[in-house]
Amino acid sequence: MNIVPVEKKEELSRIRRLLHQHPELKYEEIQTAKLVLQSLEDKGYSVESGIAETGVVALYDSGIPGATVLIRADMDALPIFEENEHEYKSKIPGVMHACGHDGHTSILLGLANELKDSGKYFVPKGRVLLCFQPAEEGGSGADRMIQAGILDRYSVGAVFALHVWNHIDIGRVGVVNGTMMASVDEFKITVKGISGHGAMPEHTVDPIVVGSHIVTALQTIVSRNTDPLEPCVVTVGSFHAGNAFNVIPETAILHGTVRTYSKEVYHSIPKKMEQLVHLIAEGFGAKVEFEYKRIDKPTINDPKMADIVRKATIQILGEGSLTEEHTRTMGGEDFSAFLNERPGCYFFIGSRNEKKGFIHPHHSSFFDFDEDALPIGLAILKQVITEYLSSH
């Protein structure tokens, strides 16, 4: 795929592999941010750093009045011990770029270089804001960058971001209208009963039994209280209680996640859950504490912005390169915060290649992706910028 010259493909891979060897967790992207900052300053950008602790933004101005479009890359890694044996494997024990954020950062740095080297050829007017964001992996870094005022300060009119995606083959791009990824919510339920001897349950209120009924009943939120056509997941991921085989404990703690697609279900689920949990506990004579935390909203693409990505993809890869298969997911993404504030589109760049062995899913300790996705992502972002700024 001759998307960009060979030397530029090699440079994208070089940066990506350097980042892969030195992964950093959410809000700890200090060295990554330094590399980004140095690269941007070397190219002559005026850079704003330290946003949301480690975030970095840089502005390219064509000098011709027009709109401003934001392009985001996330920078953080995951607390996973890498089991790959390639020469660029992580040098930090227990930390790994297991989702492709190293690739996203490399692509955006490549875009920064392209803007300075040849921006006049593909930026017809307006401005491009390059956004290097921390803490996508559960840290709400996008929310914090928005709270820091970057959208208003730079008069951003639209937002775009890509993600390498090992569920889609190399050379294809996944994009949909409307909801693409689910909300991410977290809940914690603390059941308080009365402890006692395991042989004399009549003198106790068993929080394990109460908690078990709650786990089962929570599934009816999806099966009987939510429209079957509306995607929704309620998962109890951990259940902790007691430490002795013959003792009924006083407390049981349930910890889990909720994923939703539509705004209506997103807003209705917490109340339904809380009511159900309290009624079950009351029925058994137990007490309960219900905590519910919002992490990410649903990732909802603007149809007009999605059409821009489609048009750009066809320009670069040709007819037949677009897909919606393996594109919608109940996984979450904090770019949803940007999409909640501005029209935009989040899309997947296929990075799976069975022939080369790039088959492992995201967040796997064996995750890696086909680096041919890097120049594809760069070329499509350039075309997205052209398409958007030409008409705004």
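1. Helix H3 gives the largest share of the lining of the largest cavity, 3 residues; helices (H or I, at least four residues) and strands (E, at least two) are DSSP runs, numbered from the N terminus. A cavity here is a set of points on a 1 Å grid over the protein atoms alone where a 1.4 Å probe fits but cannot get out, and lining residues have an atom within 4 Å of a point.

2. A word on the basis: this is a predicted model, with local features needing pLDDT of at least 70 and side-chain atom pairs counting only at pLDDT 80 or more, while totals for chains, interfaces and linings use all residues. Residues are numbered from 1 along each chain as its sequence is written, and side-chain values use heavy atoms, leaving out hydrogens and water.

3. The largest cavity has a volume of about 30 Å³, a volume being the space filled by probe spheres set on the points, which are joined across faces, edges and corners. Its lining consists of Arg72, Ala73, His104, Ile107, Leu108, Leu162 and Leu381. S3 and H3 (101–122) each supply at least two of the lining residues.

4. An open sheet of mixed pairing holds 8 strands, in the order S1-S2-S4-S3-S5-S16-S6-S15; strands pair if DSSP finds at least two bridges between them. S1 (47–51) and S15 (322–323) are at the edges with a single partner strand each, so one side of each has no neighbour in the sheet.

5. Within that sheet, S3 (residues 68–74) and S4 (residues 127–133) run parallel, joined by 7 bridges. Thr68 has Arg127 as its bridge partner in S4.

Conventions
1 Å grid on protein atoms, 1.4 Å probe; cavity = no way out; pocket = protein on both sides within 12 Å on 5 of 7 lines; lining within 4 Å.
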